Amino acid sequence: MSIVGPCAVRCALRGSFHAVLYWRRWKSTSQTTLKKVSSSGRGVRSRLRQTPIDPKILEKIHELEVCSPRRRRTEYPDQDRFSGRVFQVWSRGGELYQKARSPEDFPEELLPEVALIGRSNVGKSCLINSLVGGTKSRYLAETKDLPGTTRELGFYVLRSGFMSMVDLPGYGFAVAEEQEKKRWQETVKAYLQNRKTLKRLLILLDARHGIMKADRDMLHFFQRCKVKYQFVLNKCDLVKDDELARRVYMIREEISSGAYKRVLKNIMMTSSHTRAGAFTLQAELTGLALRPAQRHALKLDLATRGNVPEAIRRALKS
Ligand SMILES: Nc1nc2c(ncn2[C@@H]2O[C@H](COP(=O)(O)OP(=O)(O)OP(=O)(O)O)[C@@H](O)[C@H]2O)c(=O)[nH]1
Ligand SMILES: [Mg+2]
C-alpha cells in the first residue's frame, strides 16, 4: 500500500495537471477561432455597407433588370443584342455532345470551348440551360438544389456548329464521398491545364456572397492555367440593386489591385432563373466562336442531318 499509494497520487496529479493544461489550451484556441469567425463575418458585411455605389454600375443593373425576381419573362431589355452574329451562333440552341468522368473521355479538340466553373450550387448547370437551351430554354443539364449534383464534365455543342459550352462539377462543399470528389476535381484540373480549345473560363459567383474563400483557393490554380477567365455574378434575382452594385464595385477593386492575372475586367451579371443578362453574356462570348470560314473548313454536314454531334463525329472520321 505504502508503495502503490504515492504512485497513484502522483499519476492522478499528473493526469489532472495535463487535463488543466489541455483545457486551457482548448479554451484559448476556441476563443480566438470564434473571435476570428465573428469578426470576419462582421467585417465582410460592414465592408460591403461602406463600399460606394458607382452610378454607372447601378445604371447597368437597371438596364439589364437583373435584380428583378419576376419569372417567365417574354421580353428582355437586352434582347436587341440577339441579332446578327450573336443570333447566328446561339439561336439554334445546343445539345449534349459528351459526358466525361475522366480525361480519357474528353472529346477531340475541335470547336472553341467556354467552360463554367464555380462553387457547387452556384447555378452553373442552370446557366448552361439558359444559354444553350435555345429560345425555349430546354433543360439539358441536370440541376438540383443540392451541392454536388454535376459529377461529370458535360460538353454541349451549339447546333450552329460554331462553339461548345462545358459544364464543370463544382468545388467547395458538396454532398458526395471524398473519393468521388477527389476524382472529379482531378478530372477538372486535367481539363483546365491541358485543353487547347478552351478559350475562356467563366467563374460563377453567387451574387449574395461574391468571391469566397473556396473561390480564392481555386483562383491560385486558375492563374497557373493559360486560359483567360471572367467573373459572372449569378442569382442576381436574389439581391437588391444597391447590394449588387456594391458587390461589383468590390470585385472591380480587387481586380484592379492586380491580385489576379489573366482576369477580364468586365464582370457579367445574370439570373439563370429569369434569364436576365443571358443575351449580354452570349454577345460577350460570340467573339470566341469560329468564323464562318473556319467552320466551313471543318466540313460539318449541318444542313442536311441537323444532328451536330453526329456531324462532328462524321467530319472527324473523314
Ligand atoms: N434564384 C435563383 N436560383 C438559382 C439560379 N441559378 C440556379 N439557381 C438554383 O440553384 C440551385 C443549384 O443550381 P445548379 O445549376 O444545379 O447549380 P450547380 O452550380 O450546377 O451545382 P453543382 O452541379 O452541384 O456544382 C438550383 O436549385 C437552382 O434552381 C438563379 O439565377 N436564381
Ligand atoms: Mg451542376
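A residue is called buried here if 20 or more other C-beta atoms, placed from the backbone, lie within 10 Å of its own, exposed if 12 or fewer do, and partly exposed in between. By that criterion, buried residues make up 34% of the 318 residues in the protein. The model is predicted: local features need pLDDT of at least 70, side-chain atom pairs count only at pLDDT 80 or more, and totals for chains, interfaces and linings use all residues. Residues are numbered from 1 along each chain as its sequence is written, while chains are lettered from A and ligands numbered from 1 in the order in which they are written.

Begin with the whole chain in cartoon view. The protein has 11 helices and 7 strands, taken as DSSP runs (H or I, at least four residues, for helices; E, at least two, for strands) and numbered from the N terminus.

Next, select ligand 1. It is surrounded by 23 residues, counted where the C-beta atom, placed from the backbone, lies within 6 Å of the ligand. G123, S125, D145, T150 and G170 are the closest. Helix α4 (residues 124-132) supplies the largest share of this shell, 3 residues.

Stay with α4 and display its side chains. Because 9 of its 9 residues are buried, α4 is largely enclosed by the rest of the structure. Among the buried residues are K124, S125 and N129.

Leaving aside neighbours within four places in sequence, I128 is in contact (C-beta atoms, placed from the backbone, within 7 Å) with L116, L140, A141, Y156, M165 and D167.

Of its 64 residues, I128, I203, V232, L233 and L244 touch the most other members. Strand β5 (residues 198-206) gives the largest share of this core, 6 residues.

Move to helix α8 (residues 278-286), which is mostly covered, with 7 of its 9 residues buried. These are A278, F279, T280, L281, Q282, E284 and L285.

Finish with two loop residues. E65, in the loop between α2 (55-64) and α3 (84-90), has a positive phi of about 50° although it is not a glycine. E65 counts as buried, with 20 C-beta neighbours inside 10 Å. K299 lies in the loop between α9 (292-298) and α10 (302-305) and has a positive phi of about 60°, again without being a glycine. K299 is exposed, with 10 other C-beta atoms within 10 Å.

Definitions and conventions. A nonpolar core is a set of buried Ala, Val, Leu, Ile, Met, Phe, Trp, Tyr and Cys residues joined through C-beta atoms within 7 Å. Two residues are in contact if their C-beta atoms, placed from the backbone, lie within 7 Å.
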